[in-house]
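Please consult the sequence and the model alongside the text.

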Amino acid sequence: VLLRTKCRYCKETISWQYPIVELSTSIILAAAYWYLVTQQGMSVWAFLPLIITFGSLIVCLVYDIQTMMLPMEIVLVGSMFTIVSYIIRSDMILFIEGLTGALIMAAILLLIIIIGKVLFKKDVMGTGDIYLAASIGLMLNFQLGVMVIMFAFIFGGIITLILILLKRVKLG
């Protein structure tokens, strides 16, 4: 705001994407800290690796919107930091629930991809979506993971419709 959308040094215009991503990242991390640490009693040390996990999910969101692809490397980094958080928490039951969620979520997405391929004779999603679903299942467990995937499909459909209306994406 103070720089009036211009770079301080080279005076080039700064894309609207940067402040939106930075502000939303700040809000998401603050909300996650409030909920996980202050409300659920997670230790700050167990929360710290999740900052990377949340950051990787935000990067995946922006990258997916721009390219309609998911960078599997970033998804895997987020998953690894989720596992680090589990290790710090030392809660084997929670970790097993996360692993179960990862496997079930990956299986659900794989099934959707197979059914879509049979019905539409083309890819309806990429393999990056399987990794992302597994990462979400790992982080949230199966029950919450299903809710998030349902929300993601609805949100993705809305974004896709907007992109079609703006003629940035062609139908079919």
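The buried residues of α1 pack against α2 (44–67); buried means under 20% relative accessible area, exposed over 50%, and partly exposed in between, with a 1.4 Å probe and protein chains only. The model is predicted, so local features need pLDDT of at least 70 and side-chain atom pairs count only at pLDDT 80 or more, while totals for chains, interfaces and linings use all residues. Residues are numbered from 1 along each chain as its sequence is written, and side-chain values use heavy atoms, with hydrogens and water left out.

**Helix α1**
- Helix α1 covers residues 17–39; helices are DSSP runs (H or I, at least four residues), numbered from the N terminus.
- From first C-alpha to last, the 23 residues of α1 reach 31 Å, close to the 33 Å expected at 1.5 Å a residue; the expected span is 1.5 Å times one less than the number of residues.
- The buried residues in α1 are Thr25, Ala32, Leu36 and Val37.

**Packing of α1 and α2**
- The axes of α1 and α2 are 10 Å apart and the packing angle is about 145°; axes are lines fitted to C-alpha atoms, for helices over the stretch in contact, and angles run from 0 to 180 degrees between N-to-C directions.
- Contact (heavy atoms within 4.5 Å) is made by residues including Thr25, Ala32, Leu36 and Val37 of α1 and Phe47, Leu50, Phe54 and Ile58 of α2.

**Salt bridge**
- The structure holds one salt bridge, defined as a side-chain nitrogen of Lys or Arg within 4 Å of a carboxyl oxygen of Asp or Glu.
- Lys117 and Asp123 form this salt bridge, with their closest N and O atoms 3.3 Å apart.
- Asp123 counts as exposed because its relative accessibility is 56%, whereas Lys117, at 40%, counts as partly exposed.

**Cysteines**
- The count of disulfides is zero, a disulfide being a pair of cysteine sulfur atoms within 2.5 Å.
- The closest cysteine sulfur to that of Cys10 is in Cys7, at 3.6 Å, which is too far for a bond.
- Cys10 is partly exposed at 48% relative accessibility, while Cys60 is buried at 3%.

**Thr82**
- Thr82 is found in helix α3 (residues 72–89) and counts as buried, because its relative accessibility is 1%.
- Leaving aside neighbours within four places in sequence, Thr82 is in contact with Leu50, Thr53, Leu138 and Met139.

Conventions. Helices (H or I, at least four residues) and strands (E, at least two) are DSSP runs, numbered from the N terminus.
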